[in-house]
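Me: I have a structure open and want to go through it piece by piece. Can you take my questions as they come?

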Amino acid sequence: MFKHFRGDLFGGITAGIVALPLALAFGVSSGLGPSAGLYGAIFISFFAALFGGTNTQISGPTAPMTAVSMVIIAGILAVHDGDVGKALPIILAVFLLAGLMQIGLGLIGLGKYIKYIPYPVVSGFMTAIGVIILVTQILPAVGYYPKEDAEYVNEFKAAAEEEILENILKEEAGEGILVLEDFEETIRRAGKITEADMQKEAKTLAAKDASGVLGTIKVLPKALQNINWLELGLALATIIIIYGFKRITTAVPSTLVALIVVSGVAVGFGLDYRPIEQIPEGLPIPQLGIFTEFKFSALTPYIFTALTLSLLGAIDSLLTSVVADNMTQTKHKPNKELVGQGIGNSIAAVFGGIPGAGATIRTVVNINSGGKTRLSGMIAGILLLVILLALGPIASQIPAAVLAGILVTVGIGVMDYKGLKAIPYLPKDMKLGPLKLSSEVIIMLTVLVLSSIWNLVYAVGIGLVIASLMFMKKIGDLTATRSNVKPLKEQPWADEKGFPSKLKEEVFIKHIKGPLFFGSTSEFQQLAEQIPDTASTVVIRLDRMQYMDQSGLYAMEDILQDLNKKNIKVLFVGLLDQPKYMMQRIDIIPDLIPKENIFEDFQHCMDWILANIEDTHAS
């Protein structure tokens, strides 16, 4: 582990510095405060690295996990009248359960099945995460907090009275008191309700009504009428520095520069800004209330929610693991990675941290800075703990608007622009009444819209069901042949029997025997590993590839780009209409595969090889 200590040290320190402002911002966004984000980053980074299956991965709170956590926290707080103290044990219990479920998912070997999630579902989900974060940060960016607007809160006074009375009736029902027989008890309890209780409940309802994308849009007119220009200025300055500093250098994280500069100006000039919540001093303390202050029955309504959170963390982490593999030319262990992430999330929950996953940007920074082993992730976690102990009181003076500005850039950055740009060019293969639309676009937009305005969890489930149904229909229409793109030893087809044996080392022939779709892309991506070092040309036989979806399209694009970088010539044989149309729409043809490199049959391809490669070989 210590063989690459110097690189791991620099990688871990750099990744930890990048993680600091994001951890604070995600903590604030979640609703549990900046310390929860910092605690999550510390424990998940350290323990996911120690027990995980991706050597260079840096883990911690991420945008998707925070967006889902935010919804969970808001829902539990609403049930507990906005009282964080009462709600915290059940919130952390849900996070702990999600971590334990992740460990279970790894132990039963679920990691290898993550690849079956189609690209349009992931694309729609990631873009929705960006929309949610971007929209929900508008209010703090302009300095408007709905529960502090007396006029807005007063609109919920009647609803607050109804809610309080309903709670009294529920209490009496739980105690076996028949209300119709004992009005006096109900009146006695109602008489104890003070104006302060009414106001508190009204604030809780106001905050709930203004939460999420639709809630933010609903109160946006009020926010624009009550802009705090100082808060808006701090948020805009943060955004400008984040994007502007990147143009000067990427050696220093622009997010950290923005955090230090804008916070320094706000504190140095004594500006009357709104600071973030106080970060507790000293070591993180275990939240034992998870085990002592609630009954298991209180957790049962959230079991499905915890499972969803664990699955999202698994997907988020393993996608980042693939990125790390591509950068380091290594192979991660997916099930071990899930166990490591589950251990990290479980321990973070016990100490009051929000859940997280493998973080792509931080992982890339770690690798580029020299990180090569799991030690780099552990160092990142230790660095954040040192920062907490040494700079906690200073960090508590950071303006809330600065973190809102950081989150705005996170929301913009997390959207899947590659998928959005492809919308006009994907084939319109579905008829909805008079309209013709692309099935891939329908799936992506369905997940995007439902995730943004309704429920992230259900949206992904619905997207998967639609994708599966559409896929089954297409495959049923096109072929009953099972997809087979993965054998390492290629058996020659009948028309290849006469291929010159002296060229077999120089020309590698690859067969694709069925659709290239989201379930077969990972095997296809192993193509680069199959090519012998002596090969200068790759022939891809596509005679039996009747169908290619968007996931397969981008997998093909990635492979061709890799082969181009290695100066390996690629020839297509037997390209059918649907895959050809898909590849033309995003310019794989002719940018990566010129038309003269596409042959109708293998005989024409062999004639070209004999005329070009054999001549070169002979000379």
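Me: Which strands form the open sheet, and in what order?
Reply: This is a predicted model. In it, four strands make an open sheet, ordered β5-β6-β7-β8, with parallel pairing.

Me: Which strands stand at the edges?
Reply: β5 (507–511) and β8 (598–599) do. Each has a single partner strand, so one side of each has no neighbour in the sheet.

Me: How many bridges join β5 to β6?
Reply: Five, and the two strands run parallel. As for a particular pair, K510 stands opposite I540 in β6.

Me: And how many from β6 to β7?
Reply: Five bridges again join β6 to β7, also running parallel. Going residue by residue, V538 has V570 of β7 as its bridge partner, and V539 has L571 of β7.

Me: What about β7 to β8, how many there?
Reply: Two bridges join β7, residues 569–573, to β8, and these strands run parallel as well. F572 has I598 in β8 as its bridge partner.

Me: Back to β6. Is it mostly covered or mostly open?
Reply: Mostly covered. β6 spans residues 537–541, and five of its five residues are buried.

Me: Which residues sit on each face of β6?
Reply: T537, V539 and R541 are on one side, with V538 and I540 on the other. All of these are buried, so both faces count as covered by the cut-off of under 20% relative accessible area.

Me: How many residues of β7 are buried?
Reply: Four of the five, so β7 is largely enclosed by the rest of the structure.

Me: What unit do β6 and β7 make with helix α26?
Reply: A β-α-β unit, and a right-handed one. The helix α26 covers residues 550–565.

Me: Which residues line the largest cavity?
Reply: The lining consists of P118, P120, S439, E440, I443, A467, M470, F471, K474, F518, Y547 and D549. Two elements give two or more residues to that lining, α22 (439–453) and α23 (456–478).

Me: Which element has the largest share of the lining?
Reply: α23, with four residues.

Me: How do the lining residues divide by nonpolar, polar and charged?
Reply: Eight are nonpolar, one is polar and three are charged.

Me: Now helix α5. How many residues does it have, and how far does it reach?
Reply: α5 covers residues 119–136, which is 18 residues. From the first C-alpha to the last, α5 reaches 26 Å, close to the 26 Å expected at 1.5 Å a residue.

Me: How many residues of α5 are buried?
Reply: 14 of its 18, so α5 is mostly covered, with buried meaning under 20% relative accessible area.

Me: Last one, L20. Where is it found, and is it buried or exposed?
Reply: L20 is in helix α1, residues 5–30. L20 counts as buried because its relative accessibility is 14%, and the cut-off for buried is under 20%.

Me: How far apart are L20 and I42?
Reply: They are 22 residues apart in sequence. In space, L20 and I42 are 9.7 Å apart, C-alpha to C-alpha.

Key. Residues numbered from 1 in each chain as written. Predicted model: local features only at pLDDT ≥ 70, side-chain atom pairs only at ≥ 80, totals over all residues. Heavy atoms only, no water. Expected span 1.5 Å × (residues − 1). Buried < 20%, exposed > 50% of the residue type's maximum accessible area, 1.4 Å probe, protein only. 1 Å grid on protein atoms, 1.4 Å probe; cavity = no way out; pocket = protein on both sides within 12 Å on 5 of 7 lines; lining within 4 Å. Nonpolar A, V, L, I, M, F, W, Y, C, P; charged D, E, K, R; others polar. Pairing = 2+ DSSP bridges. Right-handed = clockwise from strand over helix to strand, strands pointing away.
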